[in-house]
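Please go through the model below with this report beside it.

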Amino acid sequence: MSTTQIFKNPRAQHNFQGRTCSITAVGSYVPERIMTNADMEKIVDTTDEWITTRTGIKERRIAAENEFTSDMAAKAAQRAMERAGVTAAQIDLIIVATITPDMMFPSTACLVQSKIGAKRAAAFDIEAACSGFIYAMEIGQQFIMSRTYETVLIIGAERLSSIVDWKDRNTCVLFGDGAGAAILQHRPDAHGLLTACMGADGDKAMLLCMPGGGSRIPATADSVEAGLHHLQMDGKETFKNAVNAMMSAATEALRRCEIDITQIKLVIPHQANRRIIDAVTERLKVKPDQVFVNLDKYGNTSAASVAIALDEAVQQNRLQRGDLALLVVFGAGLTWAAAVIEW
Ligand code: UT7
């Protein structure tokens, strides 16, 4: 499909007078250990029935004791690199999106750089919670379009099991660990990222946060005792904001490309809650077989979520080269983003 076939809107075409940015390949990794809803019933006052009907989650993956965010990120990256036929020496930049870095500093991206041996690459983390992978994609695209870099590795990776409160049934049943990665390059015969729109609302920062561990509340015996180093969420308010923000981001992304939802082969939403996915996709008038869902297996893996879903969609042949996909995400910040990609 040519750029002019896709874009009737001259403003959208303007982006492509520079250089396009394609997703050469994707890869993902999830830890081996599976924690089912039945396992959850043994540690908090919950039931498989509640978790399934309220969220759609059946099980999640939990990292091994000695398996950290950078380990999962490096494994996902290596899978994407192999599929892209890209060597570590070719990578110019590594961007890791995460809210569960190995440590406050240095960045997880630097640890990944060392693990995969990408000696030439610059490396930094970004923090946009569950929206991080699309934020990273948009940032990576800018470097490719401006001809600053040829090959950018973007990763969404999380070890949420290390920050959830395993005594809080409101949150611990929702989250899981994993990583997804993509190689961004210019490919003359393809478009890749057609548009991405990102948004944020810092006024609602406290709806979903981890209050402790930063400069405001450094770790003390009291802060640990008060549970301030755990993820905290107002579920109901977050839910409402998620539906509205994902809906408007998706609509805006389609508008910018001047395409109709019927032209989208697959919608790949952030995998937080089946009811959020259903509410958003019903309003967008998406047919059920046009929506990719894997949260039953992994729960909410924050920045890794849409990246793992994109990889699985590709491996399951739900997307063929040339197909259009709509990625739409929402997370703490609040942050949100939607991207239309030509796979
Ligand atoms: O990834 C970033 C964004 N995150 C999200 O988008 C998540 C957004 N929020 C949600 O997905 C949903 O709000 C939840 C799944 C977190 C909660 O669903 P809800 O329908 O909003 O339930 P609720 O918070 O209204 O809780 C209903 C009841 C409460 O009991 P009472 O007060 O009505 O007696 C909770 O205590 O369900 C209870 N409850 C549970 N019961 C069994 C909460 N968690 C559990 C549990 N098992 N795990």
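## Cysteines

The structure holds zero disulfides, a disulfide being a pair of cysteine sulfur atoms within 2.5 Å. Cys197 is in no disulfide, and its nearest cysteine sulfur belongs to Cys257, 8.5 Å away. Cys257 likewise is in no disulfide, with the sulfur of Cys197 as its nearest.

Cys197 counts as buried at 5% relative accessibility. Cys257 is buried too, with a relative accessible area of 0%. Buried means under 20% relative accessible area, exposed means over 50%, and partly exposed lies in between (1.4 Å probe, protein chains only).

## Basis of the model

This is a predicted model, in which local features need pLDDT of at least 70 and side-chain atom pairs count only at pLDDT 80 or more, while totals for chains, interfaces and linings use all residues. Residues are numbered from 1 along each chain as its sequence is written, and side-chain values use heavy atoms, with hydrogens and water left out.

Helices (H or I, at least four residues) and strands (E, at least two) are DSSP runs, numbered from the N terminus. Two strands pair if DSSP finds at least two bridges between them.

## The five-stranded sheet

Five strands form an open sheet in the order β1-β7-β6-β4-β5, and the pairing is mixed. β1 (22-29) and β5 (122-126) stand at the edges. Each has a single partner strand, so one side of each is left without a neighbour in the sheet. From one strand to the next, the twist averages 15 degrees. Axes are lines fitted to C-alpha atoms, for helices over the stretch in contact, and angles run from 0 to 180 degrees between N-to-C directions.

Strands of a sheet pair through backbone hydrogen bonds, either parallel or antiparallel. β6 (residues 152-159) and β7 (residues 177-185) pair in the antiparallel sense over eight bridges. Arg159 stands opposite Asp177 in β7. β1 and β7 also run antiparallel, joined by seven bridges. Here Ser28 stands opposite Gly180 in β7. β1 is mostly covered, with eight of its eight residues buried.

Helix α6 (residues 108-116) lies across β4 (93-97), β5 and β6. α6 runs at about 130 degrees to β4. Helix α13 (residues 305-315) packs on the sheet and touches β1 and β7. The direction of α13 makes about 105 degrees with that of β1. Contact means heavy atoms within 4.5 Å.

## The four-stranded sheet

A second open sheet has the order β8-β13-β12-β11, with mixed pairing among its four strands. Its edge strands are β8 (192-200) and β11 (266-269), each pairing on one side only. The twist averages 10 degrees from one strand to the next. β11 and β12 (residues 324-331) pair in the parallel sense over four bridges. Ile268 stands opposite Leu327 in β12.

Helix α7 packs on this sheet, touching β8, β12 and β13 (335-342). The direction of α7 makes about 125 degrees with that of β8. α13 lies across β11, β12 and β13, running at about 150 degrees to β11.

## The α10 and α11 pair

Helix α10 (residues 235-257) and helix α11 (residues 274-283) pack at an angle of about 35 degrees. Their axes are 9 Å apart.

From α10, the contact is made by Phe239, Ala242, Val243, Asn244, Met246 and Met247. From α11 come Arg275, Ile276, Ala279, Val280 and Arg283. These residues divide into eight nonpolar, one polar and two charged. Ala, Val, Leu, Ile, Met, Phe, Trp, Tyr, Cys and Pro count as nonpolar, Asp, Glu, Lys and Arg as charged, and the others, Gly among them, as polar.

## Two selected residues

Gln141 lies in α7 (residues 132-145). Gln141 is buried, with a relative accessible area of 4%. Leaving aside neighbours within four places in sequence, Gln141 is in contact with Cys21, Leu184 and Leu193.

Glu49 is found in helix α4 (residues 48-55). Glu49 is exposed, with a relative accessible area of 55%. Glu49 and Ser223 are 174 residues apart in sequence. In space they are 34 Å apart, C-alpha to C-alpha.
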